[in-house]
Every structure is written in C-alpha cells, then in structure tokens.
Protein chains: 2
Amino acid sequence: MSALKDLQRVAGEHVVKLGDDIFAPRHMKDFVVSAPEGVEILAAAFPTETAEVAAILRWCNDNRVPVTPQGGLTGVVGGAAPIAPCVVVSLERMRAIEEIDAAAATMTVQAGATLETVQNAADEAGFFFPLDLGGRGAAQIGGNASTNAGGNRVLRYGMMRDLVLGLEAVLADGTVVTSLNKMLKNNTGYDLKQLFIGAEGTLGIITRLVLKLYPKPASQCTALVALNGFDDALALLGRLKSGLGGALSAFELMWPDFYRVGTTALDRTPPIAEGCALYVLTDMLGADPAADSERFETIIAGAAEAGIVVDAVIAKSSAQARALWSIRDCPGEFPRAQHWPQLGFDVSVPIGDMGAFVEEARGLLTSRWPKAQALFFGHIADSNLHISVKLDEHVGSEHEIDDLIYAAVGAWRGSISAEHGIGLAKREYLHFSRSDAELALMRRIKAALDPNGILNPGKVI
Amino acid sequence: MSALKDLQRVAGEHVVKLGDDIFAPRHMKDFVVSAPEGVEILAAAFPTETAEVAAILRWCNDNRVPVTPQGGLTGVVGGAAPIAPCVVVSLERMRAIEEIDAAAATMTVQAGATLETVQNAADEAGFFFPLDLGGRGAAQIGGNASTNAGGNRVLRYGMMRDLVLGLEAVLADGTVVTSLNKMLKNNTGYDLKQLFIGAEGTLGIITRLVLKLYPKPASQCTALVALNGFDDALALLGRLKSGLGGALSAFELMWPDFYRVGTTALDRTPPIAEGCALYVLTDMLGADPAADSERFETIIAGAAEAGIVVDAVIAKSSAQARALWSIRDCPGEFPRAQHWPQLGFDVSVPIGDMGAFVEEARGLLTSRWPKAQALFFGHIADSNLHISVKLDEHVGSEHEIDDLIYAAVGAWRGSISAEHGIGLAKREYLHFSRSDAELALMRRIKAALDPNGILNPGKVI
C-alpha cells in the first residue's frame with residue numbers, strides 16, 4: 001500500500017485512486033466477461049494527459065506491477081477484465097477532439113473519446129467517420145483501435161486499422177512514441193502504428209490517434225432479398241460488387257432460423273415470407289441519390305431475371321430501411337424470442353467455403369445435441385459469420401460448445417475471431433487459427449516491447 | 001570459400017552460385033543506386049521454394065553472413081543494393097501463381113512473380129489487381145510488398161499494404177512464418193504481416209502472398225483541368241471526392257514548369273494553353289459507363305460555374321485519356337526536354353500545407369541557387385509530392401540539394417519518403433520524419449526479429 005502511495009505521488013493524487021476511493025465493480029467486467037473471483041484492483045488511474053500515462057507505466061514497470069488498460073468496457077472477450085492484482089488505467093478523462101483538418105480530412109483525437117463523440121464531431125465538420133457498432137455511446141476510440149473494431153460498414157470503408165493514419169502510444173517502460181501522421185503515404189521505415197492496432201493493450205497504451213475522415217454519403221439504398229441457396233448469394237454479391245464500384249456497404253446473410261427468430265422477436269410480419277433458403281440484407285452508400293437507387297434496383301432486378309433472386313423488398317424511405325435493418329440487428333432482442341440465454345460466436349471462414357461450413361457446423365451441433373437451436377448470420381462479404389447457440393438443457397456446457405465450433409473453424413482454416421478479438425475468452429483456442437511459428441513470433445514481439453510482461457497480462461498470448 | 005561450399009551443400013547446388021558462376025553486375029544496383037565500390041558478393045542464391053529460403057537464412061544466421069534480398073531491382077533508393085560482402089537472395093525463380101479463389105476474390109502467389117504477371121493473371125480470371133507502376137514488367141510482387149509500393153491508383157485502392165491479406169515470410173533464423181490468410185476480418189492476435197510490409201527486407205524475406213482482387217472497373221473517365229491556384233485544387237478535389245463516392249482514382253497536380261516541360265518533351269501542342277497557375281489530371285474508375293461520364297462531367301462543369309475550374313479537356317476516348325496521362329507520365333521523357341540529369345524527390349506533406357510548401361521549397365532552392373530549375377508535381381490527394389531538380393552547373397551537389405529539401409520537409413512535419421522507401425539513399429535523413437522514440441522502437445523490433453543483424457544490413461535503420 002505504501003508502494004502504491006508512491007505511484008499516487010508520481011502520477012498525481014487527482015489521477016490515481018487507492019483503497020476505498022476505487023469503485024471496483026465498474027472495472028471488473030467488460031460487456032460479457034468478468035474478472036476471476038477475488039481479483040484485487042490495487043489502484044485505478046484516470047490520467048488526463050499522455051505524460052501521466054507515461055509516469056504510471058514507468059512506475060508500474062519499475063515495480064513489476066501489472067497494468068490493465070480500460071476503455072469503454074464494451075468488448076465481449078474480456079480483453080479489459082483484470083485477471084491479477086493490477087493497476088487499472090482508464091482513458092476516460094482523455095477525450096478531447098484536438099483538431100479536425102478539413103484539407104487533410106483527418107481528425108486528431110484523444111483515445112478516451114467515445115466513438116459516438118467522434119462520429120458527431122466529424123458530422124458537424126461536414127465529414128463522415130464510418131466506423132459504427134452497437135456500443136458507440138460508450139466504446140472509446142482508443143479501444144476501437146486496440147481491438148481493431150469492425151462493424152457494419154467494413155465492406156465499404158474497412159476495419160478500424162484502415163481508418164487510423166497515425167497514433168501515439170506509451171510503451172510498457174513509459175516511452176512515449178508519437179507517430180501522429182496525417183498523410184496517406186508515408187514509407188519512412190516500419191509502420192509502427194500497426195503494432196498497437198489490434199494488440200488489445202498488450203504492447204502499449206494508445207493515447208492519441210489521427211483518424212481518416214470521409215465525405216458524407218449522399219444516398220443510401222437498402223434491400224432485403226430472398227435466395228435459393230448459398231451459391232446464389234455469391235452470385236448476387238459478385239453482381240453488386242462489380243455493379244456498384246465500391247459503393248456496396250453491407251451484404252448481411254441470414255439463414256432461415258435467424259430470420260424467423262428475428263421477425264418473431266420484433267413481433268412483425270416478415271417483409272418476405274418465411275420458407276426461403278437464405279435472406280440477404282444489402283446496402284449501398286452512394287454519392288448520387290437519383291442515379292444510385294436506379295442502379296441498385298437494376299442490379300437486383302437483373303439478378304431476379306437471372307433466377308438468382310427469388311424475392312426482394314427495396315426500401316423506399318429511410319424508415320423502411322431502418323425497419324429492414326432491424327431484422328439483421330435483432331440479436332439484442334433474442335430474449336423476446338425465447339432465444340436466451342445464448343452463446344455467441346464471431347468467426348471467419350473463406351467466403352467460398354462459408355455455405356458448406358454452416359452446414360457442417362450445424363450438423364456437428366445437432367449430431368451431438370439433437371435439439372440444439374443454432375442461428376447463423378453475418379457480414380459474409382467480409383468472410384465473417386456469427387453463430388448464436390441457445391443455452392438450454394438440450395446442449396452441453398459453454399466450454400463444450402466452444403470446443404466443437406472452434407475445432408470446426410480450425411479444420412476449415414478459418415479465424416476464431418473475425419472482429420471481437422481474443423482477450424481472455426478465446427485465448428485457449430488461438431492455436432486453431434495460428435501456427436506455432438506465428439504464436440512464437442507474437443511472443444517475440446511481446447517480449448521486445450514489454451519484457452517484464454506488465455501490460456494486460458494473460459490476454460491474447 | 002569452403003564455408004560457402006557448405007551453404008551450397010545445405011541449400012542445393014542448383015540454388016546457390018559461387019565464384020565465377022555469379023554474374024555480379026546484375027546484383028549490384030537497383031534502378032538508381034549502386035552498391036559502394038568494391039563490395040563483394042559471396043554467393044548468389046536463387047531458391048525455388050520456401051524451404052530453400054529457410055535453409056539459406058539459417059545458414060547465414062549461424063555463420064553471421066549478411067543477406068541482401070533482391071526482387072526485380074526496380075527500386076530507386078538502393079534498398080536492394082549490397083553494401084557489404086553478402087549472400088544475395090533473389091526470388092526470381094519463385095514466381096508461380098498458386099491459386100485464384102474466385103469466391104474469396106484472392107490470389108495466392110509466390111513473391112518472385114512480376115507485378116505484370118499478377119495483373120495479367122487477375123485479368124484472365126475476370127478480376128482486377130489495382131497496383132500499378134512503371135516498373136511493372138520487372139518489379140516483383142514480393143518487392144512491391146517489401147517496399148509498400150504506391151503508384152497511380154492509391155486514392156481508389158490503397159497502397160500495397162492495403163492489397164495484401166496474408167503472407168508467408170522467412171525470419172533471419174530460418175523460421176518460416178506462414179500467415180496466408182484469405183479473410184477480410186481476422187482479429188486473432190498481432191497482425192504479423194504488417195511487420196514485413198514496407199520493411200524493405202530488414203525483418204524477413206517474403207516468400208508468398210495472398211492478394212486482394214477487385215472487380216474490373218467498367219468505366220474510366222479522365223480530364224485535364226486548369227486552375228487559378230492551390231485553394232481551388234483543394235475545392236475541386238473535395239467536389240470530386242464527395243461527388244464520385246470513392247470512384248475517384250487519381251488527382252495529379254502539375255505546377256506550370258512541369259506542365260511546360262511535359263508538353264515540350266512530348267513535342268505536343270498543350271491540350272490547355274500554358275499560363276495557368278496549376279493543372280490537374282484527374283481520373284475515375286467506375287462501374288456504370290453511361291452514368292459515370294455524365295456524373296464526372298457534371299462535377300467538373302459545376303466547378304467551372306463556381307469559378308474553381310478555368311479550363312478543362314475531358315477525354316472522349318481511351319486514346320485521348322492516354323494522351324492526357326502521357327503529360328503526367330512525362331518524367332521518363334525528361335531528357336528530351338533537356339531536363340536531364342535530374343535529382344528526384346518523393347515526399348509527403350499534409351495536403352492543406354502542400355501549396356505553401358511548394359512555394360517555400362521553390363524559394364529556398366532559388367534563393368540558394370538563383371538559376372535552379374525545379375519541377376513540382378504529384379499525387380496530391382495522397383499528400384504525395386514529387387520534385388525534380390535539374391542537375392547542372394547552376395545548382396550544388398546532390399547532397400546539398402537533398403539537405404535543403406529534406407530539412408524543409410522535416411520543418412513542415414512531412415515525410416521524406418511517400419512511396420519509394422528509405423533504403424540506402426534516404427537513411428541519413430530519416431530523423432527529419434521520425435522521432436528518436438520512433439527510431440528506437442524500430443531498432444527494438446529489428447533486434448527482436450534479427451538479433452544478429454544479417455538481413456539487409458545498413459538499410460532503413
């Protein structure tokens with residue numbers, strides 16, 4: 001305790017809370033995963049500037065005290081849950097929008113600003129920041145970078161990695177590495193920002209970022225489409241990709257069980273009747289409202305003529321578009337359709353294999369647990385599939401279901417985490433997606449940047 | 001020599017050439033920069049598969065023999081020029097297109113395939129591989145990745161880093177790290193491919209890659225536009241970016257001296273008369289031939305009505321488009337306009353500052369050397385500016401000109417290398433674009449991956 005008083009002295013009393021001043025419950029859990037029982041938080045630090053983050057890390061490194069970096073705690077794999085006695089470092093006070101450079105179309109922002117704050121600031125400046133996900137109100141932009149967040153517009157704009165031009169990070173030993181690059185092209189040695197993006201706080205703490213801004217889209221076209229099978233989904237995707245020239249922003253496949261639960265949960269007459277093999281929610285973000293909707297409808301009509309599309313509903317207003325999207329966004333309403341509690345998966349398999357993978361995964365589940373209820377859906381144009389297995393007396397433990405699904409993903413050379421990361425929850429399955437040589441190289445990088453292993457120990461690797 | 005016999009034994013006689021069997025001249029120089037006088041090539045290795053690359057590196061690492069990886073030798077900063085007695089490892093025999101996965105829109109290819117081979121293979125399979133640069137016939141795709149190549153379509157499709165989904169690399173100690181990911185989303189720990197892209201062969205040798213393919217563009221619209229000043233260039237760029245929804249593929253600014261030399265070199269009546277403040281060559285790659293050209297022309301007409309555009313020529317055929325592009329592509333013809341020999345620069349500055357930077361750089365040059373002839377042009381939408389200074393009796397040494405330009409770039413917080421890399425030629429100027437903390441972190445990464453410093457020593461850092 002007297003040692004921690006020293007941390008408080010070094011970083012500032014206004015920054016470091018100790019003992020009863022720590023409100024521990026708010027630091028013990030992300031959106032899904034809790035810290036193990038009995039883990040102690042030694043200190044909770046709320047730095048207000050990069051130099052304070054540096055002072056905290058330097059002290060923790062010198063004293064071999066583990067550090068758990070925390071953003072908005074909207075993750076789902078326990079990446080921000082403490083697992084050992086540690087100092088929690090929350091970025092929530094570092095939330096300033098420092099600059100919007102209209103000519104460069106960039107925003108420089110502190111890591112603790114929420115995603116929604118960033119989106120709104122871009123909007124007010126006449127720009128568009130395309131990353132979007134359900135936790136936007138609480139998720140912090142630094143956390144979005146640390147987890148390489150995805151979401152619903154990856155097809156059009158990429159993941160968070162593609163939206164970061166530069167960043168500043170503090171290494172385990174307190175070194176501040178400032179690479180606040182604003183330029184699209186910069187081949188001056190190693191691209192250091194890549195080390196910290198997606199590293200889930202194990203290689204450094206991101207303190208500031210330069211984000212890439214886009215022009216606001218002028219049009220949105222949305223359709224719900226029914227198909228006879230997976231091959232037709234690939235054919236439709238190909239037509240949309242080549243016909244829309246990069247404006248295609250979503251292609252969300254929904255298998256029939258998901259579609260039924262979604263419309264049931266929303267207590268709504270399905271826009272297209274049940275009974276089709278597959279449903280797709282697709283979306284374009286364009287620049288030319290009049291021409292775009294004609295182009296979009298022509299492609300879908302052409303696919304219908306070719307027998308690829310069985311039925312389609314095209315949104316005629318943004319309210320209709322939202323109504324169609326709400327079916328895809330129904331997982332928040334699973335409890336209302338009695339699909340609850342559930343175990344969720346976020347995996348990738350190469351897109352050509354996805355139809356077969358779904359059939360195999362479903363077969364493995366039901367041959368082991370004949371009454372298992374599993375829903376399949378996802379951003380398939382990004383190779384990304386979500387699976388939701390209802391947890392009830394008909395299935396085994398979460399661990400058994402994890403074992404089954406992740407082994408199948410490994411067998412198909414897929415990824416056990418498409419966009420959620422590894423954190424705590426998926427660490428033991430990482431070997432299904434990464435070879436021994438890859439894991440050894442990750443450990444080499446970890447050892448080089450954090451030789452004492454103080455940064456978010458027990459996560460990722 | 002007997003030691004090198006041992007290398008030959010380990011890696012195979014068909015792979016390793018020694019002594020008089022080495023044709024040294026072809027390994028001593030990239031497109032511009034030569035190895036220092038008297039450098040000896042101990043062996044030249046031409047592996048045919050990854051295992052042979054691994055065997056070579058393991059042997060070199062055990063024996064502390066430097067390795068110079070070589071691709072097509074089309075670089076311009078000496079990244080592939082040997083600087084010490086070394087084993088040259090050329091990837092030219094590893095040139096197979098291993099797979100095109102049409103559903104995933106990916107190509108798996110060995111590192112020694114030329115860019116042109118990759119482009120053609122994509123085309124034959126009904127796809128488009130967008131990276132393009134003048135050296136396409138000789139440049140190897142592994143070298144494109146190692147240097148994070150750019151070119152003329154970065155605005156639309158990104159740099160090489162954005163086109164690589166996965167790769168395989170051999171580390172200095174011979175470890176093969178295979179990460180041939182085909183999926184757009186894969187958040188399973190550190191994104192290891194980023195270590196090798198842009199590292200110029202100092203962290204590993206790339207042996208295979210998974211490339212992202214795109215649908216073939218269905219339309220191209222090209223215009224040459226004259227403007228009154230830099231602010232109008234930014235205004236026009238903003239209109240094109242928001243009006244074309246991501247289909248804008250080039251925005252190449254040409255200052256008047258460049259435009260004059262370009263049209264002179266081509267011996268052609270300028271499509272737009274000389275005397276304007278700036279010229280822009282702009283290009284879109286779209287998906288809808290009929291609608292695209294109308295959309296493109298409407299934006300330019302609107303900018304003319306708003307007084308942003310002074311004059312414009314819109315290509316009515318692909319032959320006309322090529323003719324307009326040939327002005328921008330004139331640097332190959334500089335000798336014909338007596339702008340030769342010349343010293344070229346490839347720098348970035350934040351786009352809003354670029355107009356002022358050009359004026360300052362020109363002022364610095366002419367106040368030091370009043371009769372200096374300097375041409376300015378570049379991919380300004382990517383923040384990328386090229387400068388060409390004629391080397392004649394009116395200016396100082398190359399070194400003096402380098403010192404002047406790079407110091408100015410540093411003062412404007414720019415990048416001393418936008419797309420060409422650091423190699424040998426820019427190493428002593430790296431500190432203008434990278435802080436001590438960044439350089440120290442690069443060295444930490446280098447030491448972790450190549451503790452004996454055998455891989456391309458003396459390059460980058």
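**Entry 1: salt bridges over the whole structure**

I started with a search of the whole structure, and it turned up 44 salt bridges over all chains. I kept in mind that this is a predicted model. As background, side chains of opposite charge can pair when their charged atoms come close.

I picked one pair inside chain A to look at. The side chains of A:Lys182 and A:Asp101 form a salt bridge, with 2.9 Å from N to O. This pair ties together distant parts of the chain, 81 residues apart. A:Lys182 sits in the loop between β9 and α7 of chain A, while A:Asp101 belongs to strand β5 (residues 97-101) of chain A.

**Entry 2: confidence**

The average pLDDT of chain A is 96, and 100% of its residues score at least 70. For the model I noted an ipTM of 0.97 and a pTM of 0.97.

**Entry 3: how the two chains are related**

I recalled that two copies of a chain are related by a rotation about an axis and a shift along it.

I then asked which surface each copy uses. Of the interface residues of chain A, 100% are also interface residues in chain B, so the copies meet through the same surface.

**Entry 4: the interface**

How many residues of chain A are in contact with chain B? I counted 82 residues of chain A in contact with 82 residues of chain B.

The size of an interface is often given as the accessible area lost when the parts come together. Here the area buried between chain A and chain B comes to about 6200 Å², and carbon and sulfur atoms give 60% of it. Which residues of chain A lose the most area to chain B? They are A:Lys185, A:Asn187 and A:Tyr190, which together make up 16% of what that side buries.

I went on to the pairs that cross over. The rule finds 8 salt bridges across the interface of chain A and chain B. I looked up B:Lys185, whose side chain meets that of A:Asp382 in a salt bridge, at 3.4 Å from N to O.

In chain A, α5 (154-157), α6 (160-163), β9 (176-179), α7 (193-196), α8 (230-244) and α14 (436-449) each supply at least two residues of the side that touches chain B. Of these, α14(A) gives the most, with 9 residues. By kind, the residues on that side of chain A divide into 36 nonpolar, 29 polar and 17 charged.

**Entry 5: around A:Arg208**

I turned to A:Arg208, in strand β10 (residues 205-212) of chain A. Leaving aside neighbours within four places in sequence, its contacts include A:Thr50, A:Val109, A:Leu167 and A:Thr178. A:Glu98 is another of its contacts, and a polar contact of 2.8 Å joins the side chains of A:Arg208 and A:Glu98. I also checked A:Gly166, which is 42 residues from A:Arg208 along the chain. The C-alpha atoms of these two are separated by 8.5 Å.

**Entry 6: backbone details**

Cis or trans, I wondered, for the peptide bond from A:Trp340 to A:Pro341? This bond is cis, with omega near -5 degrees. A:Pro341 is in the loop between α11 (318-328) and β16 (342-348) of chain A. In chain B, the bond from B:Trp340 to B:Pro341 is cis as well, with omega near -5 degrees.

Last, I looked at A:Glu200, in the loop between α7 and β10 of chain A. A:Glu200 has a positive phi of about 55 degrees although it is not a glycine.

Notes: Residues are numbered from 1 along each chain as its sequence is written. Chains are lettered from A and ligands numbered from 1 in the order in which they are written. This is a predicted model: local features need pLDDT of at least 70, side-chain atom pairs count only at pLDDT 80 or more; totals for chains, interfaces and linings use all residues. Side-chain values use heavy atoms; hydrogens and water are left out. pLDDT is the predictor's confidence in each residue, from 0 to 100. Contact means heavy atoms within 4.5 Å. Buried area is the accessible area (1.4 Å probe) that two parts lose on being put together, summed over both. A salt bridge is a side-chain nitrogen of Lys or Arg within 4 Å of a carboxyl oxygen of Asp or Glu. Helices (H or I, at least four residues) and strands (E, at least two) are DSSP runs, numbered from the N terminus. Ala, Val, Leu, Ile, Met, Phe, Trp, Tyr, Cys and Pro count as nonpolar, Asp, Glu, Lys and Arg as charged, and the others, Gly among them, as polar. A polar contact is a pair of N or O atoms within 3.5 Å; within protein, one must be able to donate a hydrogen and the other to accept it, and residues adjacent in sequence count only if both atoms are side-chain atoms.
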